[in-house]
Amino acid sequence: MDLTHDAETEAFRGEARAWLAAHVPSAPLPSLETREGFAAHRAWEAELAADRWSVVSWPEPYGGRGADIMRWLAFEEEYYAAGAPGRVSQNGINLLAPTLFDHGTQEQRARVLPPMARGEVIWAQAWSEPESGSDLASLRSRAVRTNGGWLLSGQKTWSSRAAFADRAFGLFRSEPGLPRPHLGLTYLMFDLRAPGVTVRPIGRLDGKPAFAELFLDEVFVPDEDVIGAPGEGWRVAMSTAGNERGLTLRSPGRFLASARRLAALWGSTGRDPAVGDRVADALIGARAYQLFTYAGASRFAAGATIGAESSLNKVFWSEYDIALHETALDLLGPEAERADGPWAEGWVFSLAGPVYAGTNEIQRDIIAERLLGLPKGRR
Amino acid sequence: MRFLLDAEQRDFARTLDSLLAAADSPSAARAWARGDHALGRALWDRLAKAGVFALAVPEAFDGAGRLPLELTLGFEALGRHAVPGPAVETVAAAVLLSELVDAGPDAVGFHDGGLDGLGLGDAGPDGPGPGGAELGDTRGGGPGSEAGAAAGDGAGYARGLLSRFASGDALATLRVDGGYALDADVADVVLVVAGQTGEELWLAAEPGPAAPSHDPARRLFTPAAAGRLLARGPGVAAGVERARAWGALATAAQAVGVGRALLEQTVGYVRERRQFGVAVGSFQAVKHRLADVLLALEFARPLVHAAALSLDPVDIAMAKVTAGEAACTAARAALQLHGAIGYTEELDLSLWLRKARPLRDAWGTPASCRARIVGVG
């Protein structure tokens, strides 16, 4: 057992650090959740991609560097330590791309991945529906067979980034009336500017249009944009939930950097002893999350699959993130009220963590049933 | 990087677990609490044969070399099975004494004679007073010299003790910072760190007055710094720092084991216990409480392992506070989810319930750990 990266990883880390030092914007970009900020973040994705830093874990032909998970973790630590911008492409990179690697065709990968890596096509997710949140499999948006493809109709909601994004991916019911709701679903990609699509941005808690409702009225999607077999959508969508995605949804580097910023803030605001314990807890939590991830990555590298443990990971970081930001606000005193303060947007964003990507209630059910073996019951 | 236990380490943990599972450790813990130490000592013998107590002793003194990671596996097992006795204290004493025999004569002066006839637990009331009249700066050879070769001096005595710790022959306890010496009435060696700067190490003659702990299998003593002055010098304070680090690490591991035991027993209970016609473990309120316990333990264990790898004081503080609080989270959930039966002494669960809080505070309170982490302690 050791915690030492190999020389290759350290060399990779050094290269990343040098590049970031030379390229990270000196002033923070405007908020990702505004039209102006979205464009600025898209330009940053292009800058990353120009030197092949946007998708380091992908194979080289798609714009990556073939980095294994340890090098990816090292890259992320450097990325956030350098104060680099948030990733406007993360839905595509973290959710769609792994699905394409596992279930897509060669043609789909060649067509979809390079523009994703360059930030030319930004992807939104289209999972939830007004009547289908945690019970996602109950979704009712339809995909109806037509000549050469499918016609999508229905309503999707809480579609992150969709206010300004280009394309979206999600699940649609292609075969209604089957005995179980998980059957008869199909995983499709579609254009947010196609005829029949109406995007209605939704202001999140701070009013910024961070997500949107999508109204779909017989939107044509060609066969080439179906991922996996029609009717197999649930399996396709869930299969990547159990691999490294459970480890990569939120990188430890992000929290290590935030915890260091918090400790610096505490130091520069008079080291209030009443908050010291919570600053310590932020430092502990970031380290614990890093180590938990290293352990998972080591198991993964040794050939294991990451299953329900990713639910532990999700509950931990989402609750940690809120505690960290609330501690920062406490240190700011009356200044904490300012919505344009340095911790404000992070705090607002953190509040959504326990809800999205599977609510923490659902995650705790999974932990209890699959990791502890407790009996299923009424939700 | 490979932040995973290897096959040998996993085997070691499994072996200890099955050894202890077969040994009826709850009966040993209950007997220990009544003052009957025979079952507990027998358990210690078996653990010593499995190599647990050699893990903090250098090879020169018949130990396994210092193996902190393996030590945490051992202590997790001790916690999981509620093994009674001053195990952490024996480890801390072993680390302290081996640091002392390794320190140079400028750092540590040992008692220079008159200890050769001294039996274990027999420091005698007639030793030197706090002046340390018999103390010389004899450094009784390096760790390579034979244990006890320097007849009768403090260094020889310390080397002899180290061998006895490694073999499980002797239990030690240690009083630091005016705190409590656990189980000083049973320990074969009672060490007391004293002096204004913590530079004196006394071999106490008497266990001193006893106080009860919330865990009846732990008894708290306050031995006086009297008896024989075994060693003195800045090396004592430095050695105590190392001993404290190992004590905190072993306690953290033990707390993880206690938390696991509480979680496992509670999961077992809520799967069986039926109300309203169903297992109470099918209720979401119960599930979520237990999910939180698993969460706390699963994020504590990597901190313990990382602290064992680095032995860095901040890493150890992180492990200690997180593991201690995880055990307490487990205890609160176990107590709540067992209902009234959990609030009884007769259920064996109480052996672990009553251990969680003392382990959280022993060898580094949460407050002192957090102060160290933010750099004010």
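How many salt bridges does the rule find across the interface of domain 1 of chain A and domain 3 of chain A? The count there is zero, a salt bridge being a side-chain nitrogen of Lys or Arg within 4 Å of a carboxyl oxygen of Asp or Glu.

The model is predicted, so local features need pLDDT of at least 70 and side-chain atom pairs count only at pLDDT 80 or more, while totals for chains, interfaces and linings use all residues. Residues are numbered from 1 along each chain as its sequence is written, chains are lettered from A in the order in which they are written, and side-chain values use heavy atoms, with hydrogens and water left out.

**View 1. Domains of chain A.** Chain A is divided into domain 1 (7-88), domain 2 (123-232) and domain 3 (243-371), with bounds from an automatic or database domain assignment. Between domain 1 and domain 3 of chain A, the C-alpha centres are 20 Å apart.

**View 2. Interface of domain 1 and domain 3 in chain A.** Here 10 residues of domain 1 of chain A are in contact (heavy atoms within 4.5 Å) with 17 residues of domain 3 of chain A. The two domains bury about 1,100 Å² between them, 71% of it from carbon and sulfur atoms; buried area is the accessible area (1.4 Å probe) that two parts lose on being put together, summed over both. Of the area that domain 1 buries against domain 3 in chain A, A:I69, A:E77 and A:Y80 supply 46%, more than any other three residues. By class, the domain 1 side has six nonpolar, one polar and three charged residues.

**View 3. Interface of chain B and chain A.** In this interface, 44 residues of chain A are in contact with 38 residues of chain B. The buried area is about 3,700 Å², and carbon and sulfur atoms give 72% of that.

**View 4. Salt bridges between the chains.** Three salt bridges are counted between chain B and chain A. One joins the side chains of B:R370 and A:D281, at 2.7 Å from N to O.

**View 5. The side of chain B that touches chain A.** The elements giving two or more residues to this side are α7 (234-272), α8 (284-310), α9 (313-338) and α11 (366-373) of chain B; helices are DSSP runs (H or I, at least four residues), numbered from the N terminus. The largest share, 15 residues, comes from α8(B). By class, this side of chain B has 23 nonpolar, eight polar and seven charged residues.

How values were computed
Nonpolar A, V, L, I, M, F, W, Y, C, P; charged D, E, K, R; others polar.
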